[in-house]
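Dear colleague,

Please find below the structure that I am handing over to you. My findings follow it.

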Amino acid sequence: CSVHCRTHTTTFLKPLAGLTQVYSVRVNTHAVLKRAQTIQGHKTPKKQWQAAWLLKAVTCIDLTTLAGDDTPSNVHRLCLKAIQPVPYHLLNKMDMHDQGVTTAAVCVYPSRVADAVKSLKAANSSLAVASVATGFPAGQTPLETRLQEVRLAVADGATEIDIVINRTLALTGQWEAMYEEVRQFREACGDAHMKTILAVGELGTFTNVYKASLVAMMAGSDFIKTSTGKESVNATYPVAIVMVRAIRDYFLCTGHKVGFKPAGGIRTAHESLLWLTLIKEELGNDWLCPLLFRLGASSLLADIERQIYHHVTGQYAAYHELPMA
């Protein structure tokens, strides 16, 4: 799956120059599924190499809480966990205690951004605060409401905004309209990084996923993200193949690197290793850093901790011994 782009400015592709080529894109479903099967069949590293890759995964996690019962105290505990995601004594045994191992960011609802900023400031941490916005998860609120939600989250101190696209526009092929909406979100973000959630489980086809990926990148997204975590289908390897190929094609056309964030349903250390493998093979080592790769997760960290605990001690910890934030 590839597309040829010709026009690039410092921020956006000119919509009519790039979007005319979006309509002709087709994705080879059989090839995508075969490649995804290959990725899933890979053997993952063991022993100290596994531990090293798992620490890399930790540094790429957006530690997330997006629940209806979120409170300031929940968010405070989440922030403290993000600052010290792996117990100090385990890092000390691995001689990694002084390497500044933290998660990449914390991710919360807009109304909890101020709580997260306050907690991190009190802990003297410069960790990024990400906020979902634009009518998350459905994106079915008026455009001005969605824009205002972005502005308010940024004003409260969010340095990253995870927006959701209007799936109706993608499903009905209104790519210029989708471009214009995402472009306005980009402007509303100001200096904050913008991650664009495609909600791939609701886009219907791989071709729609590829087209939506391209349009989101043309409109100025810093990252493209698979899912809200609220859909019935979230981050899957076939969808990821389509999205990272779009990122690669866009890079080859423009020289501009866009990040990738799978989210939703990523719960085990083994899965995190497969995601890192996929990124390494499809996009290369440049993307294996928090600037260009994130894992959206809430329960993943607990399993990674258990695997690291096993590497250090030779025993598995009970989940209550390594409590989540």
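Helices (H or I, at least four residues) and strands (E, at least two) are DSSP runs, numbered from the N terminus. The model is a predicted one, in which local features need pLDDT of at least 70 and side-chain atom pairs count only at pLDDT 80 or more, while totals for chains, interfaces and linings use all residues. Residues are numbered from 1 along each chain as its sequence is written, and side-chain values use heavy atoms, with hydrogens and water left out.

An unreviewed UniProt entry lists Lys 225 and Lys 261 under "active site"; positions are in the numbering used here, feature names are shortened, and annotations may be inferred rather than shown by experiment. Although these residues are spread over 37 residues of sequence, their largest C-alpha distance is 4.5 Å.

Lys 225 lies in strand E6 (residues 223-225), and Lys 261 belongs to strand E7 (residues 259-261). With a relative accessibility of 4%, Lys 225 counts as buried, a term that means under 20% relative accessible area with a 1.4 Å probe, protein chains only. Lys 261, at 0%, is buried as well.

The side chain of Lys 225 makes a polar contact with that of Asp 162 (2.9 Å). Here a polar contact is a pair of N or O atoms within 3.5 Å; within protein, one must be able to donate a hydrogen and the other to accept it, and residues adjacent in sequence count only if both atoms are side-chain atoms. The side chain of Lys 261 also has a polar contact with the side chain of Asp 162, at 2.9 Å.

Key:
Buried < 20%, exposed > 50% of the residue type's maximum accessible area, 1.4 Å probe, protein only.
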